[in-house]
Amino acid sequence: MASKKESLKQFCKALKSQNEFLLACHVNPEGDAIGSLLAMDSLLRRLGKKTTVVGEESFPTRLTCLSSKRWKTINQIRKGGRFKALVVTDCPNLERIGKVKNLMTPDAVIFNIDHHISNEYFGRYNYVVPRAAASGEVVFDIFKALRMRLTADEAKNLYVALSTDTGSFKYSNTTVHCHHVAAELISAGIDIGKINEELYSTFTLNRIRLYNRLLARVKTAAGGRVAWSALKRRDLIETKTTYEDVEGFIDFLKFIKSVKAAFLLSESKDGRNIKVSLRSKGRFDVNRVASFFKGGGHRKASGCTIQGTLAAAEKKIRKQILKDLSRSS
């Protein structure tokens with residue numbers, strides 16, 4: 001089942017019926033969100049549509065392998081600009097696109113493209129495939145349904161989407177179909193050696209220093225089955241880094257042999273909220289934990305936001321994980 005509402009054929013037919021689109025993904029976007037979005041932007045333009053790609057923040061500097069030419073921030077959109085059609089990639093709910101939703105008309109036609117099991121099917125048209133490894137895989141299906149041969153740039157966008165959401169094809173969400181899709185993307189002529197080097201093997205010295213701080217704060221519980229760390233606002237100032245540089249750190253917590261669940265707490269810029277990233281190994285479902293705090297994602301990779309201090313958020317998340325861990329045991 002591709003969606004609770006539309007077949008892929010119906011979804012594509014509805015796409016063709018619109019002439020101008022706003023395209024958006026979730027705030028703090030990673031490779032799957034950006035790659036899927038850029039590929040959809042190219043697809044729509046090839047269909048003769050007018051498109052505008054907008055994000056709440058600047059284009060992620062860690063994704064230098066992808067082009068930022070089409071990316072605009074909200075302050076680059078003229079005041080009063082309103083769009084009647086919106087394509088959203090990699091978002092479980094509409095709130096995740098942040099302030100970009102203010103650029104829509106009240107009756108805007110929303111196209112929801114995603115793979116999160118927690119997706120709320122918020123669009124007028126939804127193509128949501130929870131079994132897919134990444135939203136990039138879902139967008140690949142759309143290209144196929146429209147009989148559109150992928151260009152090298154489109155293939156690069158989707159390869160980055162697929163690679164980042166599967167942990168470079170290491171996570172358990174990597175499937176046979178996922179590898180078939182990757183093989184077809186590679187055959188389009190992309191340089192995967194260069195892409196992978198830029199994605200996974202290029203760190204600044206300041207980022208290494210930031211990781212050193214986070215590693216020094218690692219705590220464990222439940223006999224080492226739970227591990228976590230915390231990012232303070234001053235860490236970014238003192239190491240001259242950004243929130244983007246924190247991406248990927250949580251994998252170090254997962255590397256600990258005994259760990260079944262890991263989380264990273266990040267203090268927001270204003271200090272009022274704590275962003276929580278959750279990961280798991282084995283059968284433990286961190287989406288249950290995230291959902292308890294009105295967040296969501298996948299069984300092995302989810303997130304949520306908690307109001308309050310780092311200490312308070314740490315206590316709440318730790319308590320819920322231990323409760324679920326005890327139940328699952």
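Across which strands does α3 lie, and at about what angle does α3 run to β5?

1. Basis of the note. This is a predicted model, in which local features need pLDDT of at least 70, side-chain atom pairs count only at pLDDT 80 or more, and totals for chains, interfaces and linings use all residues. Residues are numbered from 1 along each chain as its sequence is written, and side-chain values use heavy atoms, with hydrogens and water left out.

2. Placement of α3. Helix α3 lies across β5 and β6 and runs at about 100 degrees to β5. Axes are lines fitted to C-alpha atoms, for helices over the stretch in contact, and angles run from 0 to 180 degrees between N-to-C directions. Helices (H or I, at least four residues) and strands (E, at least two) are DSSP runs, numbered from the N terminus.

3. Burial of α3. Nine of the eleven residues of α3 (residues 135-145) are buried, so the helix is largely enclosed by the rest of the structure. Buried means under 20% relative accessible area, exposed over 50%, and partly exposed in between (1.4 Å probe, protein chains only). Among the buried residues are Glu 137, Phe 140, Asp 141 and Phe 143. Their cover includes α1 (8-16), α2 (31-46), β5 (104-114), β6 (125-128), α4 (152-165) and α5 (176-186), where contact means heavy atoms within 4.5 Å. Arg 147, which follows α3, has a positive phi near 55 degrees.

4. The sheet. Six strands form an open sheet in the order β3-β2-β1-β4-β5-β6, with parallel pairing. The edges are taken by β3 (71-73) and β6, each with a single partner strand, so one side of each is left without a neighbour in the sheet. On average, neighbouring strands of this sheet are turned by 30 degrees against each other, direction ignored. Two strands pair if DSSP finds at least two bridges between them; β5 and β6 pair in the parallel sense over four bridges. Phe 111 stands opposite Tyr 125 in β6.

5. Aromatic residues. Rings of Phe, Tyr and Trp (its six-membered ring) pair if their centres lie within 6.5 Å; planes under 30 degrees apart count as stacked, over 60 as edge-to-face and the rest as tilted. The count by this rule is 13 aromatic pairs. One of them, Tyr 159 with Phe 169, is tilted, at 5.9 Å centre to centre and 50 degrees between the planes. Tyr 159 belongs to helix α4 and Phe 169 to the loop between α4 and α5, ten residues apart. Tyr 159 is buried at 4% relative accessibility, and Phe 169 is buried at 19%. Phe 11, Phe 21, Phe 111, Tyr 125 and Tyr 127 form one aromatic cluster.
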